[in-house]
Amino acid sequence: MVIFAILIFVFLGSVEGFSTSSKVCTYDTTKVCKPALMTAVFSTVSFVLGAITSVVSGFLGMKIATYANARTTLEARKGVGKAFIVAFRSGAVMGFLLAANGLLVLYITINLFKLYYGDDWEGLFESITGYGLGGSSMALFGRVGGGIYTKAADVGADLVGKVERNIPEDDPRNPAVIADNVGDNVGDIAGMGSDLFGSYAESSCAALVVASISSFGNTHDFTAMMYPLTVSSVGIIVCLITTLFATDFFEVKTVKQIEPSLKNQLIISTVLMTIGIAIVSWIALPSSFTIFNFGTQKVTKNWQLFLCVCVGLWAGLIIGFVTEYYTSNAYSPVQDVADSCRTGAATNVIFGLALGYKSVIIPIFAIAVSIFVSFTFAAMYGVAVAALGMLSTIATGLAIDAYGPISDN
């Protein structure tokens, strides 16, 4: 993180030869912007803040999972329902931590940077982009490094134990199970958390940068500028309500009810989020505004921006359902892969690869359609908020995903 921070400062500062004098703004030549050297300094600071937030979120998620494992095991003695509630709520903590920490730190950073930049919103939000880069850089190590560790430990613990010694999965007689459980925490919780945090921060920062050189930035409409962060705030509230459906309103009593319950979380959160985004778009955005579109200002309506977020939101739901269909043992794809094992490892590998290629067709089309529609409505700003729409239910998604390693352990 320190090395990357130094590189960012050096490269950004050298653009204007480490100049300390003010310069003419890039997109509005009638205004004067802050020196390039200060942009390099503030970009480096935001990069470090994003990296630290990502690391802290992943660390707290692993701590919570560690504490939750024993509690889930104890509650399992009372039945599946009690264990599910503990595991689900524990996973939800990770999701809310990630979304809330990212939102809070980003909002505070913007207001602190604003004390220096003042009316120079172009420079302000350009320096904020380092925040998303910091989260992504930590995700690189957490997701890739943690994923490698997870698979190595998983294969070493489970495959060797089951094949050579006929020991069941996660059996305490196999000491390598400890490494497997550690790998689940590192890759599936810390790595996944950093990865999603990076995507969330980047989408927010991208939307803020594009908006800063549009009518929001020119008129200094701070409420409209904070629209991407407001969408994320609504997502946190919606997810708080949604989690109650899994833990309080509809009780899970059998193992077969777990998967439908998790599926309902995605549906309920998407519907409620659509309503929340409609309210926020009506309150926070002016009825008509302009968005910077490759040298021109494109006139956009608030209902068009609402549709951009909704397109990303519902595309994310479609991707979630398609992913479940191709990865759940309740459906034919996984059952067919298992059946292909009867004729040997070769047919299993070939069939699995073919199924993997096939499984991404619908998600790719869903993403392509969402990009096309959102760009048509609101240029690059629409694409940015559409991506934010896919991640707006990040707390629910993380709760569902983090529930897996917690319940396994």
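Modeller: Thr-53 touches Asn-101, Gly-102, Val-105, Tyr-131 and Phe-197, where touching means heavy atoms within 4.5 Å and residues up to four places away in sequence are not counted. This is a predicted model, in which local features need pLDDT of at least 70, side-chain atom pairs count only at pLDDT 80 or more, and totals for chains, interfaces and linings use all residues. Residues are numbered from 1 along each chain as its sequence is written, and side-chain values use heavy atoms, with hydrogens and water left out.

Colleague: Where is Thr-53 placed, and is Thr-53 buried or exposed?

Modeller: Thr-53 lies in helix α2 (residues 36–76), helices being DSSP runs of H or I with at least four residues, numbered from the N terminus. Thr-53 counts as buried because its relative accessibility is 8%, and the cut-offs are under 20% for buried and over 50% for exposed, with partly exposed in between (1.4 Å probe, protein chains only).

Colleague: Switching to α1, which residues are buried there?

Modeller: The buried residues of α1 are Ala-5, Ile-8 and Gly-13. Seen down the axis of α1, they fall within an arc of 110 degrees, taken from the directions from the helix axis to the C-beta atoms, so they line one face of the helix.

Colleague: And what covers the buried residues of α1?

Modeller: What covers them includes α2 and α4 (121–164), whereas the face of α1 turned away from its buried side carries the exposed residues Ile-3 and Phe-11.

Note on methods:
Helix = DSSP H or I, 4+ residues; strand = E, 2+ residues; numbered from the N terminus.
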